[in-house]
Structures are given as C-alpha cells and as structure tokens.
Amino acid sequence: MNSSLELVTTRVSLPKMMLRGLVKRCAWCGGRRAFFVGFFKKSERCQTCGLNWQRNLEGFELGSSTMGVFITFGSILAWMVISVVAGVPLVPLLVVAAVLAIGIPVLTYPLTYTVWFGVHLFMNNPTPDELADAAAWRESRSQEGLEA
Ligand SMILES: [Zn+2]
C-alpha cells in the first residue's frame with residue numbers, strides 16, 4: 001500500500017477543516033474535488049480518502065441546508081441595511097434582494113456541504129467502521145485502476 005492510500009486517522013483543527021471546506025476540499029483529508037464531481041453533481045464519497053458524507057447519521061443535510069439559509073438570509077439582510085442607510089430606491093433594492101435570494105444558494109451549494117462536513121467531523125469523529133469502509137473503497141478503486 002503506498003502512502004496516498006494510507007488510512008487517515010488523525011483529525012485536524014476545526015478552522016482548518018472549515019477552510020478546506022471553503023475551497024471545496026475534503027475536510028478530513030484535504031483532497032480536491034472532495035464530494036462534487038460537477039458543480040451540482042455530488043458523489044457519495046470523497047474521491048481521495050473514500051469517506052462517505054452521509055456517515056450513516058441522520059440530519060447531515062439539515063445542517064448544510066441551515067448553513068445555506070443563514071448565508072442567504074444574512075446577505076439579504078446586509079444588503080437591505082446597506083441600501084436603506086445609503087437611500088437606495090425600493091425597486092432596485094428588491095431586485096438585488098431577489099437576485100441574492102436566488103444566486104447565493106446556487107453559488108454556495110457545494111461549499112455548504114464541504115464546510116458542514118468539517119463541522120460534522122469535528123462533532124462526530126469518524127468511527128473505525130467508517131474509516132475501514134473508506135479504506136476498503138480506496139482499495140477496490142486502486143484494484144480497478146490496476147485492472148484497467
Ligand atoms: Zn477525503
């Protein structure tokens with residue numbers, strides 16, 4: 001087994017895991033294209049370490065969705081405060097707020113997953129079973145690579 005297939009068993013700090021998530025990397029291993037094989041197309045496993053983002057726990061998507069809601073509402077609220085202070089007329093204020101309401105969730109969709117994965121890993125360390133499952137996935141993938 002070469003070093004890239006070694007089992008990642010040590011956890012990095014929460015800020016580092018969240019920073020990795022902000023650049024769409026896996027919070028656990030730092031691998032690129034962690035779970036997103038396209039902008040909206042999500043793979044069930046990190047393409048580097050093999051951890052499954054669903055983690056056999058309920059409520060993962062609720063956390064990432066909540067993070068998206070807070071970012072969206074926060075940006076709309078910030079825009080409304082700025083535009084009221086600056087005296088922006090009502091129609092442009094509402095048009096920009098509508099663009100933010102549609103655009104922010106679309107742009108932040110992958111990031112809410114990868115950042116929340118870091119928060120989730122911080123709260124719940126991967127179990128030995130999850131790490132073994134990830135190792136088995138990496139092993140099967142490397143076998144496929146050797147056969148192809
Ligand atoms: Zn990973």
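Q: Where does Ser-142 lie?
A: Ser-142 lies in helix α4. Helices here are DSSP runs of H or I with at least four residues, strands are E runs of at least two, and both are numbered from the N terminus. This is a predicted model, where local features need pLDDT of at least 70, side-chain atom pairs count only at pLDDT 80 or more, and totals for chains, interfaces and linings use all residues. Residues are numbered from 1 along each chain as its sequence is written.

Q: Is Ser-142 buried, exposed or partly exposed?
A: You count neighbours: a residue is buried if 20 or more other C-beta atoms (placed from the backbone) lie within 10 Å of its own, exposed if 12 or fewer, and partly exposed in between. Ser-142 has 14 other C-beta atoms within 10 Å, so it's partly exposed. Its C-alpha atom is separated by 18 Å from that of Glu-44, which is 98 residues apart from it along the chain.

Q: How confident is the predictor in the protein chain, on average?
A: Look at pLDDT, the predictor's confidence in each residue, from 0 to 100. The chain has a mean of 87, and 91% of its residues reach 70 or more. Watch out for residues 1-5, though: their pLDDT is below 50, and beyond near neighbours in sequence, this stretch has three contacts in the model. A contact means that two C-beta atoms, placed from the backbone, lie within 7 Å.

Q: And which helix has the lowest confidence, and which the highest?
A: Helix α4 (residues 128-147) is lowest, at a mean of 86, while helix α2 (residues 60-86) is highest, at 94.

Q: How many helices and strands are there?
A: You'll find four helices and zero strands in the protein chain. From the N terminus on, the order reads α-α-α-α.

Q: How does the chain's radius of gyration compare with the globule rule?
A: The radius is taken over C-alpha atoms, and the rule is 2.2 Å times the number of residues to the power 0.38. For 148 residues the rule gives 15 Å, but this chain has 19 Å, well over that, so it's more spread out than a compact globule. The C-alpha atoms fill a box of roughly 65 × 35 × 25 Å along the principal axes. Buried residues make up 21% of the 148.

Q: What span should α2 have, and what does the model give?
A: The expected span is 1.5 Å times one less than the number of residues. With 27 residues, α2 should span 39 Å, and its end C-alpha atoms are 39 Å apart, which agrees.

Q: What is phi in Lys-24?
A: Most residues other than glycine have a negative phi. Lys-24, however, isn't glycine and has a positive phi near 60°. This residue comes just after α1, in the loop between α1 and α2. Lys-24 is partly exposed, with 17 other C-beta atoms within 10 Å.

Q: Which residues of α1 are buried?
A: In α1 (residues 14-22), they are Met-17, Arg-20 and Gly-21. Seen down the helix axis, these buried residues fall within an arc of 100° (using directions from the axis to the C-beta atoms), so they line one face of the helix. What covers them includes α3 (90-123).

Q: Which residues touch the most other members of the largest nonpolar core?
A: Nonpolar side chains tend to be buried together in soluble globular proteins. A nonpolar core is a set of buried Ala, Val, Leu, Ile, Met, Phe, Trp, Tyr and Cys residues joined through C-beta atoms within 7 Å. In the largest one, with 16 residues, Cys-26, Ala-27, Trp-28, Cys-46, Cys-49 and Phe-117 touch the most other members. Helix α3 gives the largest share of this core, five residues.

Q: What does Cys-26 touch?
A: Leaving out residues up to four places away in sequence, Cys-26 touches Arg-20, Gly-31, Ala-34, Cys-46, Thr-48 and Cys-49. Cys-49 sits in the loop between α1 and α2 and is buried, with 23 other C-beta atoms within 10 Å.

Q: Is Thr-48 buried or exposed?
A: Thr-48 is buried, with 20 other C-beta atoms within 10 Å. This residue is in the loop between α1 and α2. Thr-48 and Arg-138 are 90 residues apart in sequence, yet 7.8 Å apart in space, C-alpha to C-alpha.
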